[in-house]
Amino acid sequence: MLFLNKKKLFQLDRRLQTCASMVRENQVLADIGTDHAYLPIWLVKKGVIQKAIAADINMGPLQKAAFNIRRYNVGKQVDARLSDGLELIFPNEADDIVIAGMGGELIADIIEKAPWLKDVQKHLILQPMTSAPELRTYLSEHGFAVKQEQAVQDGDHIYTVMQAEYDPEHVQTSQVFPYIGILKADSDENKAYIHQQCSRLQKRINGLRQSGRQEALVNETEQILGQLQQVLSQAE
């Protein structure tokens, strides 16, 4: 939830605050799937960035974004733009790109359709609501290395926010990477996220065993689960 007040700037929720913490200072931001444009408005008003593009595929959210841009008097710094992903964002327009609040497979598809992101100057901040393992697998297979990652609790849900860059020489390829990325069990939220992945893997193992087939897959999944449990035990 965001807290709005006409007299002062709103506060970002924990999920968007974590995204904001990974945006570099004095960069031009493209916020894809901006919805109400809270993130770019907040970053401009706080002086973190000077300019931003607030993009959304749907006119309804974009109209709300435009309203908020006028409300907070940032029309000269924040441009509301109708765009399907990065389709109408030009490579020279932004170096920090936030793609948050959507499924991991959709995020991967948006990246796939923008080959200009394969540039060491581009800085991706990604926050998948679902399918994080699929997104991490896509990144590693296409030359993007995750440089930062942080789990974040938002209401009853726990998500991950990752910052990635095109760096084929340093992509992550470990067995556990698709499941927990580069998270370490060094915070309560990170531990909660890793526990969540352990629970999902255990359910998968139980389902595979009940089917009575795919013994090799059961063994592989158990091996991955054991590695995640070891990450947690090492932090205790």
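Trainee: Which residue stands opposite Leu124 in E9?

Mentor: Ala164 stands opposite Leu124. Keep in mind that this is a predicted model.

Trainee: What makes E7 and E9 a pair of strands?

Mentor: Count the bridges. Two strands pair if there are at least two bridges between them. Strand E7 (residues 123–128) and strand E9 (residues 157–166) are joined by three bridges. That meets the cut-off, so they count as paired. The two strands run antiparallel. Leu126 also has its bridge partner in E9, namely Met162.

Trainee: How do you know that E8 and E9 pair?

Mentor: By the same test. E8 and E9 share 10 bridges in the antiparallel sense, and the requirement is at least two. Asp154 stands opposite His157 of E9. The hairpin of E8 and E9 has two residues between the strands, and there Gly155 takes a positive phi near 65°.

Trainee: What is the order of the strands in the sheet?

Mentor: The order is E5-E4-E3-E6-E7-E9-E8. Seven strands form this open sheet, and the pairing is mixed.

Trainee: Why are E5 and E8 called edge strands?

Mentor: Look at their partners. Strand E5 (78–82) and strand E8 (144–154) each pair on one side only. On average, neighbouring strands of the sheet are turned by 15° against each other, direction ignored.

Trainee: Which helices pack on the sheet?

Mentor: One of them is helix H4 (residues 104–112), which touches strand E3 (28–32), strand E6 (96–102), E7 and E8. The direction of H4 makes about 150° with that of E6. Helix H7 (residues 188–211) packs on the sheet too, touching E8 and E9. The direction of H7 makes about 100° with that of E8.

Trainee: Why is E9 described as largely enclosed?

Mentor: Seven of the 10 residues of E9 are buried, so the rest of the structure largely encloses the strand.

Trainee: Why does Asn190 count as buried?

Mentor: Buried means under 20% relative accessible area. Asn190 has 2% relative accessibility, so it counts as buried. Asn190 lies in helix H7. Leaving aside residues up to four places away in sequence, it touches Gln150, Ala151, Leu183 and Lys184.

Trainee: How many aromatic pairs does a search of the whole structure find?

Mentor: The search finds three. One of the pairs is Phe10 with Tyr72.

Trainee: Why is the Phe10 and Tyr72 pair called edge-to-face?

Mentor: Check two values. Ring centres must lie within 6.5 Å, and planes over 60 degrees apart count as edge-to-face. For Phe10 and Tyr72 the centres are 5.3 Å apart and the planes are at 85°. Both tests are passed, so the label holds.

Trainee: What parts does the Phe10 and Tyr72 pair tie together?

Mentor: Phe10 lies in strand E2 (residues 8–11), and Tyr72 is in the loop between helix H3 (59–71) and E5, so the pair ties together parts 62 residues apart in sequence. Phe10 has 2% relative accessibility and counts as buried. Tyr72, at 7%, counts as buried too. Phe10, Tyr38 and Tyr72 form one aromatic cluster.

Trainee: What makes Phe144 and Tyr166 edge-to-face?

Mentor: Their planes are at 70°, with 5.5 Å centre to centre. The angle is over 60 and the distance within 6.5 Å, so the pair qualifies. Phe144 lies in strand E8 and Tyr166 in strand E9, so this pair ties together parts that are 22 residues apart in sequence.

Trainee: How do you know that the protein is as compact as a globular protein of its length?

Mentor: First, the protein has eight helices and nine strands. Its radius of gyration is 19 Å, close to the 18 Å that the globule rule gives for 236 residues, so it is as compact as a globular protein of that length. Buried residues make up 48% of the 236 residues.

Key. Residues are numbered from 1 along each chain as its sequence is written. This is a predicted model: local features need pLDDT of at least 70, side-chain atom pairs count only at pLDDT 80 or more; totals for chains, interfaces and linings use all residues. Side-chain values use heavy atoms; hydrogens and water are left out. Helices (H or I, at least four residues) and strands (E, at least two) are DSSP runs, numbered from the N terminus. Axes are lines fitted to C-alpha atoms, for helices over the stretch in contact, and angles run from 0 to 180 degrees between N-to-C directions. Contact means heavy atoms within 4.5 Å. Rings of Phe, Tyr and Trp (its six-membered ring) pair if their centres lie within 6.5 Å; planes under 30 degrees apart count as stacked, over 60 as edge-to-face and the rest as tilted. Buried means under 20% relative accessible area, exposed over 50%, partly exposed in between (1.4 Å probe, protein chains only). The radius of gyration is taken over C-alpha atoms; the globule rule is 2.2 Å times the number of residues to the power 0.38.
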